[in-house]
Amino acid sequence: MALSDSVTTCLSQPVHYAICKLGFEKKDTYDINNILSGNGEVYWQAVTEHVCYLESDQSVDYIESIRSLGPVCESVNLHFKSLTKEQFIIQYASWLHWTNCTEVFLEVFDTLQYTQTTGVALGLMKLTSCLERALGDVYLLKGHDCPFLLRDLLASEQLAVVFGQAVMNVLRIFIGSPYGLNLRNVLWHGFASPQEVPAKYCAMLLFLTAGLGQLLQTYLLQTKCILRHRPYVIFVSLEELDVFPGKYLAINLNNETLSIAEELVKLSSFVLKTMLPFWIAALTAFKQSRYADSVILLLPQLEVGLRLLFTTTNKCPNRLLTAESSAFYTTFDEMLAKHLDNEEVNQLPVVLEEPAMASEFLWDFLNHQEGPRVRDRLSHGEINLEAFPREVANQIFAFAITLLYRFSDENMFSLEEHTVIKPLMNCASCYQSRFHPISRLKKQVLECMKSVHLWSGLPTVPEEQVQTIKGLEENAEVSTLILMVSEITSQLLQYMPQNCCSPEDPINSVLTERLLTELCDTRVCTLYSPRPVLEIVVILRKISTQCHQVSEQVIASAEVRYTQWVNKTLRSRQRHNYLRMLNRCYLFLFIKHINAIQNAFECNSVHAVCKKNPFDYHQYLKFLKLVLQYTENLVTYTSPEKNKWDETVELTNKALIKIRKISTRKLMLMHLAT
């Protein structure tokens, strides 16, 4: 029997007891009128009386509090079941407006009427996500920099001031504390199966959210404060997320493919059988174009499947279960790490066939700071669920299908089904990270060069008019600079791809877009980059950013000054300065290309930094910081406010002397890598 068939729960015994049994031990029938008035006002004092405290230090006794609140939750659940949708809206909707997502809470009410298990779990995940976001908005009434973790947010003094500490203690029994039910984390990390999620806790959180709205209204009236909602995060540059071919997905991620996915779900060892209803619900939501719901349901199941692989390959089956309050969950972060907590090498990437798809994809979509961070955005309520883009859901589902297929018996599928899956598997096999800092550096280099290439199309005055102005003739400093550019370029030639360079014309060789494109297409290992590598990449990215800004400033100044030249609105000194800029531009054109080429070379060779001894490493770091300082000064001198073009030549001469010295001594990373 496969392990995925034999596992009956992912909740440890104490956590299973707390969630599935503890709140059902007291069989008392609780009168809803004790905590609720006829017009829907929550009697908070009656609710908080059910919170128990330890005699030793007066901290919350979570076990006794869950047991005491059990009948209250059941009473609230029955109360909601007795209401029609219209009655609920009349009585409660206005108290939910503070969340800025009333519709989500109305959907939760609908779910409670039918008590469909996957629906209750989905409702709880959406409810806790929206509630966390709304509580963060309230926090900002009193504080700055809203805590990232729900646990810290609920324990904050700022929320206690608004709602009262006793009220916050009630919330922490249900969410945000590892000592309580911790429903949010247990669900979002995929530990609870559908039948292990009591509907009455979902009902209670809906009830408490309305009660919080009542308390907040009173506070806002007393303090004259205005609650402002933070804007939602919007996924930009969706084309960057187009890992699997978008055109293919738009045509083929249809009912036929999803039907094959349903078969894969039933046969794949990646799926825990207790979690099968979640997979089916996710596929159903996708078919119904409920893309946020489908991804919310799917992400925890990807985590469960990977946790199953993680615990199997690393021989630690106990980590499949929920951790206790005194230990960490086994979550994406740990499963994607290089080492286990005992310092042994994590075997999961090997099973996932690293460096191919799975590890890189997960890091890109979930972890990297400049990536979409889909799970974080959804679970913390940062995304408008109604506007969740299909493009993102497409990628998550296509990725899930590759994992299902990867851990299924291929002989069980016909050739026709193979041809449906084949394009996805092909993409999986050649995936490269898009949001790792190294990948972003390459993107920056190319964007900078696109900007610099625009210089050749800038409007310029006739050459004879430039020559009539005194003081623009080439001086010794400029001549020296040209010689150094030529020398450095010649040194770079031996490291360039042969099809991209010409020994007869070394300077123009570095101007080809093909060279940079080929350099930036070179695959560089991004998974588990050591700290020295990341430190170097940070500085190289800053250098690229400054170079790009210089280019943009040159373009803007050239266009404005040319218009003023044609309209004859430039004063004498401005004319001289404009012509001086034009006279120096061709030099900076070469220098910017040299910067870009060196950045690309250093990026491709960045792991060679680990070969340097500490002294050489710090010397190299010092050199890069000098180059960064040069580019920062260049930004200042080429700004519209300064326009100091002669000074840029002097500045550049000094920088090139240092670059030539390092290059001649072969101390750059590209020298070590060869």
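I number residues from 1 along each chain as its sequence is written. Because I read a predicted model, local features need pLDDT of at least 70 and side-chain atom pairs count only at pLDDT 80 or more, while totals for chains, interfaces and linings use all residues, and side-chain values use heavy atoms, without hydrogens and water.

**H4 and H10.** I looked up helix H4 (residues 62-81) against helix H10 (residues 165-174), and found their axes 10 Å apart at an angle of about 90°; axes are lines fitted to C-alpha atoms over the stretch in contact, with angles from 0 to 180 degrees between N-to-C directions. H4 and H10 are therefore roughly perpendicular (65 to 115 degrees). Tyr62, Ser65, Ile66, Leu69 and Cys73 of H4 make the contact with Arg172, Ile173 and Phe174 of H10 (heavy atoms within 4.5 Å). By class, I note six nonpolar, one polar and one charged residues there.

**H7 and H16.** I then turned to helix H7 (residues 117-142) and helix H16 (residues 291-313), whose axes come within 10 Å and cross at roughly 100°, which makes H7 roughly perpendicular to H16. Thr118, Leu122, Met125 and Lys126 in H7 meet Asp293, Ile296, Leu297 and Pro300 in H16, and this contact has five nonpolar, one polar and two charged residues.

**H31.** I checked helix H31 (residues 645-664), whose 20 residues reach 28 Å from first C-alpha to last, close to the 28 Å expected at 1.5 Å a residue. Its buried residues (under 20% relative accessible area, 1.4 Å probe, protein chains only) include Trp645, Leu651, Leu656 and Ile662. Just after H31, I noted that Lys666 takes a positive phi of about 55°.

How values were computed:
Helix = DSSP H or I, 4+ residues; strand = E, 2+ residues; numbered from the N terminus. Parallel < 35°, antiparallel > 145°, perpendicular 65-115°, else oblique. Nonpolar A, V, L, I, M, F, W, Y, C, P; charged D, E, K, R; others polar. Expected span 1.5 Å × (residues − 1). Buried < 20%, exposed > 50% of the residue type's maximum accessible area, 1.4 Å probe, protein only.
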